[in-house]
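Hi everyone, thanks for coming. Let me put the model up on the screen, and then we'll walk through a few spots together.

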2 protein chains.
Amino acid sequence: MAQLSDSIEQFIKELMEEDAQIELKRNELAQHFGCAPSQINYVLATRFSVDHGYIIESRRGGGGYVRIVRMTHPSGSSLLETLLNRVGNSIDEESANAIAAFLYERKLVTKNEALLIKAAVSRNALQLPVSAKDVLRAAVLRNMLTQVFRNLEEG
Amino acid sequence: MAQLSDSIEQFIKELMEEDAQIELKRNELAQHFGCAPSQINYVLATRFSVDHGYIIESRRGGGGYVRIVRMTHPSGSSLLETLLNRVGNSIDEESANAIAAFLYERKLVTKNEALLIKAAVSRNALQLPVSAKDVLRAAVLRNMLTQVFRNLEEG
DNA sequence: ATAATTTGACTATCTCTGACTATTATATCC
DNA sequence: GGATATAATAGTCAGAGATAGTCAAATTAT
């Protein structure tokens, strides 16, 4: 009991009570718990995997971070609804890409399909003033998500 | 920790919101951010590369400058070029669907992928005044076509 | 015993700088 | 007016520093 991993999991989940998405420094967190940094990876891999409904994004180097995004959906609402909700009326490219990656990891789409989704919502594709891009990206992504799930039902 | 590189990227992108092309002085920008001039090159190389849809031109010596141009589309193979050409700057939904169907017939994309393309360029997805829809649809479709052919090259 | 956890050594990636190089414009000399 | 020197830019590259990732061995829990 009170395994280190459990404590770290608990700690992260408390941080996420407020927001469905947090960013942290792997090394800082490790130091906080007085453990090896790789311990953090272990916790993320075993308790915050896609199967558990989370998406992990990270960046190395100066200013690096680990971002944890909660993707679980309340029972009663479908995954599609959760995703549509997350997309909302406006979404930036990075988050849209994370959703495409999520779909791929969950095997809801193939790799090529994920790439197509990314292409459709990339900043290249949406040639509009930046402020409007996020809004349009959301609309395109919502439509594609709906299509993805329609395919699944039929298949 | 908004990294220096991120700040500079942001700064440049704000400058480019208005125009698809800007000119700046490398040294001035470096001074503005209190960093080494070569830092500017780093940001340009990592965030404004051709892959990111930008072209960099520059000139040294007195009155030198760095010009950043936002590309409208990358180049590709010849069928790709033909298709891109057919798409042009503006395309209606029916024609876009025809191209998706063509890709499927040619086995360049799977059925699901074709459906995804149709979803991305559908009237529903592109929530804009009718006049602008065709233009935007063309941009999205061009980007997706480019992605399709990129997949083919790698596969 | 078996499975889960924890660590540490090694690797990969990203950022930033500084020394050195290349190019262009302008001033100066004849 | 042309050649040459000087100043004003920008480019390149290797290395240091700052993070995060991986994986297998050691440890601990069940």
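A quick term before we start: with a 1.4 Å probe and protein chains only, buried means under 20% relative accessible area, exposed means over 50%, and partly exposed is in between. By that rule Lys107(B) is exposed, at 72%. Please keep in mind that this is a predicted model, where local features need pLDDT of at least 70, side-chain atom pairs need pLDDT 80 or more, and totals for chains, interfaces and linings use all residues. Residues are numbered from 1 along each chain as its sequence is written, chains are lettered from A and ligands numbered from 1 in the order written, and side-chain values use heavy atoms, without hydrogens and water.

Back to Lys107(B): its phi is positive, near 60°, and the residue is not a glycine. Lys107(B) sits in the loop between α5 (93-105) and α6 (111-120) of chain B; helices here are DSSP runs of H or I, at least four residues, numbered from the N terminus.

Now, the DNA. How many residues surround DNA strand C? There are 26, counting a residue as near if one of its heavy atoms lies within 4 Å. Gln39(B) itself belongs to helix α3 (residues 37-47) of chain B.

How values were computed: Helices (H or I, at least four residues) and strands (E, at least two) are DSSP runs, numbered from the N terminus.
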